[in-house]
Amino acid sequence: MGEKEEMKEMFQELTGFEKKNISLRINGVPASPMQIVQAHTMCERQSYMRDYVLNDKGDVKEVWFQNITI
């Protein structure tokens with residue numbers, strides 16, 4: 001799968017989270033699916049690690065993307 005397809009798939013996944021009212025953040029700041037995909041596309045020497053924040057029932061309530069330097 002090429003990078004373009006991967007980014008499209010990621011956008012669709014994040015849009016699905018957003019439709020379920022799951023908060024999306026990048027480096028602690030609220031972000032849209034497009035902002036997160038753009039950050040992934042633009043970074044060359046860093047990657048983003050996902051952190052899933054759960055509610056009391058164990059359901060995902062937030063997805064945080066923290067940048068890590070490679």
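This is a predicted model: local features need pLDDT of at least 70, side-chain atom pairs count only at pLDDT 80 or more; totals for chains, interfaces and linings use all residues.
Buried means under 20% relative accessible area, exposed means over 50%, and partly exposed is in between, using a 1.4 Å probe and protein chains only.

Residues are numbered from 1 along each chain as its sequence is written, and side-chain values use heavy atoms, with hydrogens and water left out.

Start with helix 1, which covers residues 3–19. Helices here are DSSP runs of H or I with at least four residues, strands are runs of E with at least two, and both are numbered from the N terminus. Glu-3 belongs to this helix, and because its relative accessible area is 52%, Glu-3 is exposed. Asp and Glu count as negative and Lys and Arg as positive, while His and the chain ends are not counted.

Now for a pairing of charges. Side chains of opposite charge can pair when their charged atoms come close. A salt bridge is defined as a side-chain nitrogen of Lys or Arg within 4 Å of a carboxyl oxygen of Asp or Glu. How many salt bridges does a search of the whole structure find? The search finds 1. Glu-13 and Arg-50 form a salt bridge through their side chains, at 2.8 Å from N to O. Glu-13 sits in helix 1 and Arg-50 in strand 3, so this pair ties together parts that are 37 residues apart in sequence. Glu-13 has 33% relative accessibility, so it counts as partly exposed. Arg-50 is partly exposed too, because its value is 25%.

Strand 3 runs through residues 46–54 and includes Tyr-48. Is Tyr-48 buried or exposed? Its relative accessibility is 16%, so Tyr-48 counts as buried. Between the C-alpha atoms of Tyr-48 and Glu-6 there are 14 Å, with 42 residues separating the two along the chain. Met-49 is also in strand 3, and at 41% relative accessibility Met-49 counts as partly exposed.

Next comes strand 4, residues 60–69, where you will find Glu-62. Glu-62 is buried yet has no salt bridge, and the nearest side chain of opposite charge, Arg-25, is 4.1 Å away. What the side chain of Glu-62 does have is a polar contact of 2.6 Å with the side chain of Trp-64. A polar contact is a pair of N or O atoms within 3.5 Å; within protein, one must be able to donate a hydrogen and the other to accept it, and residues adjacent in sequence count only if both atoms are side-chain atoms.

Trp-64 is a handy landmark for distances. Gly-28 and Trp-64 are 36 residues apart in sequence, and their C-alpha atoms are 6.9 Å apart in space.

Finally, visit the loops. Asn-21 is in the loop between helix 1 and strand 1 (23–26), and its phi is positive, about 60 degrees, although Asn-21 is not a glycine. At 70% relative accessibility, Asn-21 counts as exposed. Asn-27 lies in the loop between strand 1 and strand 2 (29–30), and this residue other than glycine has a positive phi near 55 degrees. Gly-28 is found in the loop between strand 1 and strand 2, and at 33% it counts as partly exposed.
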